[in-house]
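Work through the exercises below with the model open. Try each task before reading its solution.

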Amino acid sequence: MNTPVTVTVTGAAGQIAYSLLFRIAAGGVFGPTTPVRLRLLEIPAAVRAADGVAMELFDAAFPLLADVEVTDDPAVGFDGADAAFLVGAKPRGKGAERAELLADNGGIFGPQGRAIAGHAADDVRVLVVGNPANTNASIVAAAGLPAGHVTAMTRLDHNRALAQVSAASGVPVARLQRMTVWGNHSATQFPDIAELRDAATGERLADRLSPEWVADEFIPRVARRGSEIIDVRGASSAASAASAAVDHMHDWVHGTPEGDWVSVALPSDGSYGVPEGLVSSFPCCSVDGEWEIVRGLEIGADQRARIDATVADLQAEAATVRSLGLV
Ligand code: NDP
């Protein structure tokens with residue numbers, strides 16, 4: 001058995017955490033030989049509900065679950081954390097302005113970022129799931145966490161894109177490599193199949209799928225999949241979001257498969273014309289436990305226009321956050 005890892009999950013009484021916590025405790029992120037200590041962070045009003053989730057975790061008798069602690073104090077919640085899933089966020093109320101949402105979330109993610117910087121392990125890995133995830137991650141990163149340690153989740157968009165292409169092409173998901181989601185986890189995101197290939201044959205999926213299907217069905221469908229699930233299920237896509245969070249952290253820790261990459265939102269280093277510091281989604285490989293942006297991909301005119309549009313969306317959020325004094 002390895003040394004136990006300490007994992008903090010915020011919004012621990014919420015829907016995503018209700019799936020995520022059990023996957024982590026079962027070893028789905030850190031592997032079958034690494035015990036986990038879970039820290040469940042909640043707002044005071046939801047601590048009792050989080051206590052109930054902790055009781056269920058106890059009852060599941062997971063062999064790898066070393067400890068569960070519930071708290072509403074970020075200093076306690078992030079103490080010694082090796083990994084943090086920031087799931088809890090202020091939901092968008094009916095008719096709420098974007099500036100209001102960003103201000104409310106700044107009040108959550110700013111203090112959490114400072115608590116992580118002050119109390120977590122030096123090499124903590126942070127994944128922001130709570131929306132608006134990219135901009136919330138930029139607020140966390142501004143608390144002074146080392147470069148490369150704060151990411152936001154576009155893996156659900158990435159997985160949704162793989163599933164749509166697999167269904168349309170008949171190529172199994174396991175054989176699809178090099179999907180990319182660029183930009184913001186919002187309606188402007190750009191799921192891009194330009195580099196996508198069938199690992200078994202080397203065939204480019206862009207040669208098989210019609211450009212009309214890609215532009216008129218695939219891209220909008222992936223971007224609006226969350227609303228589609230709410231319409232059909234009557235509740236949000238919490239389990240697939242949790243599954244994507246598991247995938248993201250698993251690959252960060254264990255590495256991405258040879259010849260493949262995944263989509264990760266992280267502070268830009270200026271790659272692909274995305275302004276430095278903007279938390280934007282890129283094609284990334286995980287090498288020796290660190291995310292690296294895949295370099296040197298050719299970007300055509302249509303791709304450029306779509307990347308520029310989602311980057312403009314992120315810049316507008318960044319400008320609001322700056323004007324509110326949150327970064
Ligand atoms: P969920 O667990 O369903 O969602 C939490 C966050 O994840 C939301 O911001 C949601 O965004 C986002 N999200 C990202 N991807 C998805 C997806 N595919 N499907 C659904 N959501 C997605 O929310 P609940 O309301 O069930 O639970 C939130 C919990 O967070 C509550 O228990 C609350 O008390 C807690 N909370 C904790 C805080 C803290 O620890 N300091 C602060 C604020 C809240 P979107 O709203 O856009 O769907």
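This is a predicted model: local features need pLDDT of at least 70, side-chain atom pairs count only at pLDDT 80 or more; totals for chains, interfaces and linings use all residues.

**Exercise 1. Describe how α1 packs against α2, and state which residues meet.**

Step 1. Locate the helices. Helix α1 covers residues 15-25, and helix α2 covers residues 47-59.

Step 2. Take the geometry. The two pack at an angle of about 35 degrees, and their axes are 11 Å apart. The crossing is right-handed.

Step 3. List the contact. From α1 come Y18, L21, F22 and A25. They meet V53, E56 and L57 of α2.

Step 4. Sort the contact of α1 with α2 by class. Six residues are nonpolar, none is polar and one is charged.

**Exercise 2. Characterise the packing of α1 with α9, including the orientation of the helices.**

Step 1. Read off the angle and the distance. The angle is about 45 degrees, with the axes 8 Å apart.

Step 2. Classify the orientation. Angles under 35 degrees count as roughly parallel, and the roughly perpendicular range is 65 to 115. α1 and α9 are therefore oblique to each other.

Step 3. α1 crosses α9 in a right-handed sense.

Step 4. Name the partners. α1 contributes Q15, I16, S19, L20 and R23. α9 contributes A238, A239, A241, A242, S243, A245 and V246.

Step 5. Sort the contact of α1 with α9 by class. Eight residues are nonpolar, three are polar and one is charged.

**Exercise 3. Find the buried residues of α1 and the elements they pack against.**

Step 1. Pick out the buried positions. They are I16, A17, L20, L21, F22, I24 and A25.

Step 2. Relate such spacing to helix geometry. An α-helix has 3.6 residues a turn, so residues three or four places apart point the same way.

Step 3. Identify the neighbours. The strands are β1 (5-10), β2 (36-41), β3 (65-71) and β4 (83-86). The helices are α2 and α9 (238-254).

**Exercise 4. Is S237 buried or exposed, and what does S237 touch?**

Step 1. S237 sits in the loop between α8 (225-233) and α9.

Step 2. Apply the cut-off. Buried means under 20% relative accessible area. S237 has 14% relative accessibility, so S237 counts as buried.

Step 3. Check the side chain. The S237 side chain makes a polar contact with the side chain of R160, at 3.0 Å.

Step 4. List the contacts, leaving out residues up to four places away in sequence. S237 touches L156, R160, G226 and I229.

**Exercise 5. Describe the contact of α4 with α10.**

Step 1. Helix α4 (residues 98-119) and helix α10 (residues 301-323) pack at about 65 degrees, with axes 10 Å apart. Their crossing is right-handed.

Step 2. Name the residues. R98, A99 and L102 of α4 make the contact with D313, A316, E317, T320 and V321 of α10.

Step 3. Sort the contact of α4 with α10 by class. Four residues are nonpolar, one is polar and three are charged.

Note on methods
Residues are numbered from 1 along each chain as its sequence is written. Side-chain values use heavy atoms; hydrogens and water are left out. Axes are lines fitted to C-alpha atoms, for helices over the stretch in contact, and angles run from 0 to 180 degrees between N-to-C directions. Helices (H or I, at least four residues) and strands (E, at least two) are DSSP runs, numbered from the N terminus. A crossing is left-handed if the near helix is turned anticlockwise from the far one by less than a right angle, and right-handed if clockwise. Contact means heavy atoms within 4.5 Å. Ala, Val, Leu, Ile, Met, Phe, Trp, Tyr, Cys and Pro count as nonpolar, Asp, Glu, Lys and Arg as charged, and the others, Gly among them, as polar. Buried means under 20% relative accessible area, exposed over 50%, partly exposed in between (1.4 Å probe, protein chains only). A polar contact is a pair of N or O atoms within 3.5 Å; within protein, one must be able to donate a hydrogen and the other to accept it, and residues adjacent in sequence count only if both atoms are side-chain atoms. Angles under 35 degrees count as roughly parallel, over 145 as roughly antiparallel, 65 to 115 as roughly perpendicular and the rest as oblique.
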